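Welcome! Take a moment to look over the chain and its fold, and then we will walk through it together.

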Amino acid sequence: MDNQTVINKTKEHIANTYGRYDVAIQRGSGARCTDFDGKEYIDFTSGIGVNSLGFCNETWALAVSRQAQTLNHTSNLYYTEPGALLAERLCKATGMKKAFFSNSGAEANEGAIKAARKYSYDKYGSGRYEIVTLVNSFHGRTLATITATGQDVFHQFFDPFVEGFRYAKANDIDDVLDKVNDQTCAIMIEVIQGEGGILTLEGDFLNALDKLAKERDILLIVDEVQTGIGRTGTLFAYSHFDLMPNIVTAAKGLGGGLPIGAILFDEKTQNVLSPGTHATTYGANPICCAGANAVLDYLTDDKLRTITQNNTMITDYILHLPHVKSVSGLGLMIGIEIDIDNQTVVKKCIEKGLLVLTAKHKIRLLPPLNITAEEIDAGLAILKDVLHSI
Ligand SMILES: *Cc1c(COP(=O)(O)O)cnc(C)c1O
């Protein structure tokens with residue numbers, strides 16, 4: 001097939017829910033991929049922070065294909081090894097007590113919301129079900145998670161929405177105090193708002209949230225779907241701050257390109273979801289868990305340090321480019337504020353062979369966590385060319 005055939009077939013038969021660029025990707029290796037007409041791109045997107053180890057990493061692909069030849073799936077009525085190992089590793093690395101595996105970020109957040117409500121129900125009875133989330137957050141596309149998402153654009157067409165969400169301004173503890181009441185069971189945040197524009201929350205605000213939550217037995221849920229699994233230079237981004245979440249969710253980068261999400265529960269919440277209260281058919285799929293274990297194998301302290309060093313290198317370079325007003329984010333989650341239209345930049349980058357993302361009015365970079373210095377240089381050179389040409 002050629003690019004146009006793939007594009008035409010997609011337009012004809014796949015529901016038109018995505019604003020796509022005219023790029024049909026056929027294959028990839030590391031941070032490079034090739035379209036059906038043979039054009040090469042440097043990939044600063046990793047899907048959307050999914051391909052932690054880039055395209056078709058050899059070790060990852062081997063682990064996945066070995067698992068596919070050993071045990072592809074069985075129901076959660078039985079035990080399997082890859083999920084048990086993955087849960088053990090995530091718990092040991094974080095001090096959390098138990099994991100539940102889902103298939104996506106939204107689904108992990110749904111489970112977290114259910115767990116928060118049930119924790120409160122078990123302890124305080126019905127009625128204490130409200131969850132405070134932040135304005136400009138993003139938590140997913142299911143009915144509960146679009147409601148949790150603190151952006152009005154998501155709150156149309158699909159009503160009635162799920163009851164019990166209130167929105168407080170980020171970095172404004174007084175507004176949080178205003179939204180919290182006797183019916184609040186949880187506060188749910190991203191420590192860096194990803195879709196919202198790579199906005200890192202302030203340390204003082206996060207400390208105050210943590211303190212408030214502990215004082216009132218309100219659960220702190222940290223949505224690490226975009227920030228988790230090494231993306232910011234630590235396994236989870238909350239550890240950059242003085243935070244002890246009760247529930248953490250992950251997805252995107254966890255499987256390295258296979259669909260898997262996780263909910264991690266602390267001491268207090270570990271037994272809230274009891275038999276019969278939560279389930280998903282594909283949960284802890286052995287192939288997805290084998291992919292996730294390969295991602296965790298890669299993320300040694302050394303590799304995490306390199307992610308942080310690459311942030312410094314990339315940020316310093318970008319700050320010297322024309323049209324750049326500021327750079328935000330941590331690790332390989334980078335937001336670039338520019339004084340020109342970001343879609344124009346994205347399209348010019350595509351022309352010149354570089355894939356980048358946007359978040360609100362910014363350019364967003366989520367390169368593979370194992371991107372090489374050479375691949376970074378090649379991508380940045382294109383970005384420089386593009387910004388000089390506009
Ligand atoms: C992408 C994202 C989600 C949704 O994940 P899906 O896998 O698309 O359901 C939820 N929360 C955050 C912070 C995200 O970035």
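How far is an oxygen atom of the ligand from an N or O atom in the side chain of Gln-226? The distance is 2.8 Å. Please keep in mind as you read that this is a predicted model.

## Around the ligand

Let's start with the ligand's surroundings. The residues around the ligand are Ser-104, Gly-105, Ala-106, Asn-109, Phe-138, His-139, Gly-140, Glu-190, Asp-223, Val-225, Gln-226 and Lys-252.

Gln-226 reaches an oxygen atom of the ligand through its side chain. Lys-252 also uses its side chain, with a polar atom 2.6 Å from a ligand oxygen. For Gly-105, a polar backbone atom lies 2.8 Å from an oxygen atom of the ligand.

## Two domains

Now step back to the whole chain. Domain 1 is made of two stretches, 3–57 and 301–389, while domain 2 covers 61–298. To the contact between them, domain 1 gives 28 residues and domain 2 gives 28 residues.

## Where the domains meet

Together, domain 1 and domain 2 bury about 2300 Å² between them, and 60% of this is on carbon and sulfur atoms. On the domain 1 side, Leu-330, Met-333 and Lys-360 lose the most area to domain 2, and together they account for 26% of what that side buries.

There are polar links too. Across this interface, 11 residue pairs are in polar contact. Several elements of domain 1 give two or more residues to the side that touches domain 2: α2 (46–49), α10 (301–319), β13 (324–330), β14 (333–338) and β17 (362–365). Of these, α10 gives the most, with 4 residues. Sorted by class, this side of domain 1 has 13 nonpolar, 11 polar and 4 charged residues.

## Salt bridges

How many salt bridges does a search of the whole structure find? The search finds 14. Across the interface of domain 1 and domain 2 there is 1 salt bridge.

Another pair to look for is Arg-89 and Asp-297, whose closest N and O atoms are 2.7 Å apart in their salt bridge. Arg-89 sits in helix α4 (residues 81–94) and Asp-297 in helix α9 (residues 286–298), so this pair ties together parts that are 208 residues apart in sequence.

Notes: Residues are numbered from 1 along each chain as its sequence is written. This is a predicted model: local features need pLDDT of at least 70, side-chain atom pairs count only at pLDDT 80 or more; totals for chains, interfaces and linings use all residues. Side-chain values use heavy atoms; hydrogens and water are left out. Domain bounds come from an automatic or database domain assignment. Contact means heavy atoms within 4.5 Å. Buried area is the accessible area (1.4 Å probe) that two parts lose on being put together, summed over both. A salt bridge is a side-chain nitrogen of Lys or Arg within 4 Å of a carboxyl oxygen of Asp or Glu. A polar contact is a pair of N or O atoms within 3.5 Å; within protein, one must be able to donate a hydrogen and the other to accept it, and residues adjacent in sequence count only if both atoms are side-chain atoms. Ala, Val, Leu, Ile, Met, Phe, Trp, Tyr, Cys and Pro count as nonpolar, Asp, Glu, Lys and Arg as charged, and the others, Gly among them, as polar. A residue is near a molecule or strand if one of its heavy atoms lies within 4 Å of it.
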